[in-house]
Amino acid sequence: MNVTPSRSTLSDITAVMMLLLFAVLSGGAALHESVAIDEVAHIGAGLSYLQKFDLRLNEEHPPIAKMLAAIPLVLRGTHADYSSPSWTESRKFLPHAYLGQWVFGEWVLDHWNDTATTLAWVRLPMLLLTLALGWVVYLFGCRIGGRWAGLLCLSAYVSAPLFLTFGPLVLTDVAVTFFSLLTLWSFAEIWQEPTPRKVTVFAAFLAGALLSKFSAGLLFFSFGFFGLSTRWRSIPGQPLAKLDVRAWRRLRWRATLRGVVYAAVAVYVVYFIFSWNQTSDVLYLIGHGPAWAPVRRLLMPPWLYLRGLLVLFFNFVRPTFILGTRYPRGVWFYFPVLFVLKSTLGFLGLIVTAIVVYFARGRSADGQTSALAPETAVQWRVLWVTLSVFTAASILGHFDVSFRHFTIPLVLAILMLAPLPNLLGRLRQSAPLAARIAIALTVVFAASSVVTAVRTYPHYFPYFNAIGMGRPAYWLASDSNVDWNQALLEVKQFADRHNIAKLEIDSYGFSDPAAIVPQSDVWNCQRPTAADDGQWVVVSANMILDSHNCGWLLQYPSETLAAGGMYAFRLPSPVPAAGTPGGPPLPADQREFVGIPVDIRVLFVDIIRHPEKLGPTSDAFAAQFAEAQAKDKAAKAKKKQ
């Protein structure tokens with residue numbers, strides 16, 4: 001890939017120093033955090049992929065990010081007991097493997113190996129991948145607008161709370177952003193000159209994106225809309241004659257198609273290799289017996305990928321919580337609101353400055369109005385078309401759960417700042433005073449973003465800027481925007497500081513809190529008992545208004561933990577009865593974790609502590625869940641009548 005941006009040694013050194021600051025902030029914050037919810041499943045799954053060549057765990061996400069994270073674990077000889085029921089009972093996908101992945105991951109982290117060491121090593125590749133993404137942002141920013149543009153984009157990246165929060169975690173978001181950004185740039189290079197080498201590079205990056213997260217499929221819409229845009233407005237190198245442009249466009253579409261086919265083959269090969277030891281029993285409908293075994297094995301990769309897509313589709317509609325209100329499904333303003341609230345004020349200031357300067361700019365001395373490097377005009381269009389596609393998908397979609405699903409639009413928005421330095425130079429020729437003010441504001445906004453990142457350390461999860469008007473994080477949003485079970489180390493410090501022998505925790509996660517806080521047990525803040533009278537309890541911020549209905553606790557003495565990720569409450573003695581002033585809600589007003597009709601956390605903790613129960617519990621849970629859903633549907637139907 002041809003990336004030879006306008007850079008200098010000094011700008012490269014500055015970029016490296018900025019990335020080192022990011023590593024200290026983001027990596028240091030991760031060392032202060034317990035394992036986050038999805039990490040439990042991803043860590044165990046990634047380790048099993050490399051050790052067993054079996055993709056039975058966590059099929060709802062493609063494998064590449066999890067495998068990258070697990071490489072240090074394999075090299076260090078991290079132990080996993082594959083005779084454990086958490087593995088042997090997970091041959092079936094639903095519900096056995098879905099429940100089993102959490103149990104297996106929990107035992108990898110907290111029973112078979114040292115928790116802190118394992119977590120630190122498995123997060124290292126993800127931190128390195130996040131730093132690599134930052135370097136790519138710098139390179140592309142330099143390529144678009146010069147070295148000052150690269151440094152400006154990088155300053156916005158290294159100070160973005162979203163990347164500081166999730167960069168080191170074993171998740172799919174940074175990986176898909178990294179490969180998608182490289183895919184888009186290489187796609188643009190194909191449209192500049194469709195050589196075989198460029199097609200191969202494009203295919204490799206596209207395969208990486210498709211193997212990182214299923215939402216990478218949106219890239220195909222970006223390709224299509226970009227191609228359509230060339231019909232309305234030409235790009236550099238595009239011929240003017242109708243017949244010539246038709247042949248020109250056909251050549252590039254064919255090159256793109258070849259790249260897509262190569263990428264599909266690469267995805268197939270990865271799934272084929274790493275599912276080699278996975279049972280193909282699910283495909284027995286195709287045929288039984290040894291003669292059909294090769295056919296089933298060949299069909300396993302597309303089947304596994306399709307099944308993962310189906311799981312994503314059925315989980316696409318989830319209840320949403322934003323600005324103190326719960327919605328039964330996604331709302332269009334979810335991501336715009338979080339973009340405003342969870343970005344630094346400096347970054348928002350840079351965006352406003354860039355927009356104002358764009359419309360106020362004048363012509364340069366040579367009469368040109370474009371602030372882009374001519375050789376990157378195609379890349380620029382691909383980037384803003386993709387920003388439009390992914391932003392529209394986020395707004396129109398209903399999977400409004402976490403701001404971390406906005407990583408691709410966010411990194412593209414950061415790159416939209418790249419023309420600003422050249423625009424400022426253009427403005428300087430036509431309005432020197434306005435240019436000096438705009439330059440000063442740009443420097444102040446960029447510096448303030450970095451200062452905000454440093455001041456927020458190490459609590460990036462519950463970060464909200466001043467536009468939130470001082471509202472608590474649990475009112476502004478929920479899920480991983482606030483707490484994702486990462487604050488248990490601080491809970492342990494709290495329990496030790498207060499010499500608490502037994503601590504009830506209403507945590508937001510599937511893990512056993514006793515693995516980090518030995519004196520703890522799972523609690524439901526909606527159903528206190530007489531044993532809780534006068535005791536300290538700890539509640540996730542997500543449980544106060546969203547996943548549970550526990551606003552009643554806010555009137556009692558409390559301590560804020562992890563900058564508002566969790567709260568410790570001192571209950572009165574006695575606790576008022578349900579439905580009375582100062583008491584918990586009545587059963588009819590209670591809510592359950594992640595909208596599931598039963599308290600799934602109790603089930604998870606039980607099978608984590610007793611893995612031999614996984615098979616029977618999975619069957620019982622499936623029946624219980626089906627029964628609860630039927631009752632819920634009947635209640636809704638009755639209510640409509």
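This is a predicted model: local features need pLDDT of at least 70, side-chain atom pairs count only at pLDDT 80 or more; totals for chains, interfaces and linings use all residues.
Local features were considered at pLDDT of at least 70 and side-chain atom pairs at pLDDT 80 or more, whereas totals for chains, interfaces and linings use all residues. Residues are numbered from 1 along each chain as its sequence is written, and side-chain values use heavy atoms, with hydrogens and water left out.

The chain holds 24 helices and seven strands, taken as DSSP runs (helices H or I of at least four residues, strands E of at least two) and numbered from the N terminus. The C-alpha trace spans about 80 × 70 × 60 Å along its principal axes. For 641 residues a compact globule would have a radius of gyration near 26 Å, and the 26 Å of the chain agrees with this; the radius is taken over C-alpha atoms, and the globule rule is 2.2 Å times the number of residues to the power 0.38. Of the 641 residues, 57% count as buried, that is, under 20% relative accessible area with a 1.4 Å probe, protein chains only. Among contacts (heavy atoms within 4.5 Å) between residues at least 6 apart in sequence, 76% join residues at least 24 apart.

The largest nonpolar core comprises 180 residues, of which L133, V137, Y157, F163, L181, L410 and I414 touch the most other members; such a core is a set of buried Ala, Val, Leu, Ile, Met, Phe, Trp, Tyr and Cys residues joined through side-chain atoms within 4.5 Å. Helix α6, residues 115-145, gives the most to this core, with 14 residues. When neighbours within four places in sequence are left aside, L133 is in contact with Y157, F163, V174, T177, F178, L181 and V411. Another core, of 16 residues, lies apart from the largest one and has V491, I500, I516 and W536 among its members.

Most residues other than glycine have a negative phi, and most peptide bonds are trans. Against this background, a cis peptide bond with omega of about 0° joins Y457 and P458, the latter lying in the loop between α19 (432-456) and α20 (473-476). A cis bond also joins S573 and P574, again with omega of about 0°, and P574 is placed in the loop between β7 (566-570) and α23 (600-609). Positive phi values occur at N58, near 60°, and at N485, near 75°. N58 lies in the loop between α2 (37-52) and α3 (64-76) and is buried, with a relative accessible area of 3%. N485, in the loop between α20 and α21 (488-497), likewise counts as buried, at 2% relative accessibility.

Definitions and conventions
Buried means under 20% relative accessible area, exposed over 50%, partly exposed in between (1.4 Å probe, protein chains only).
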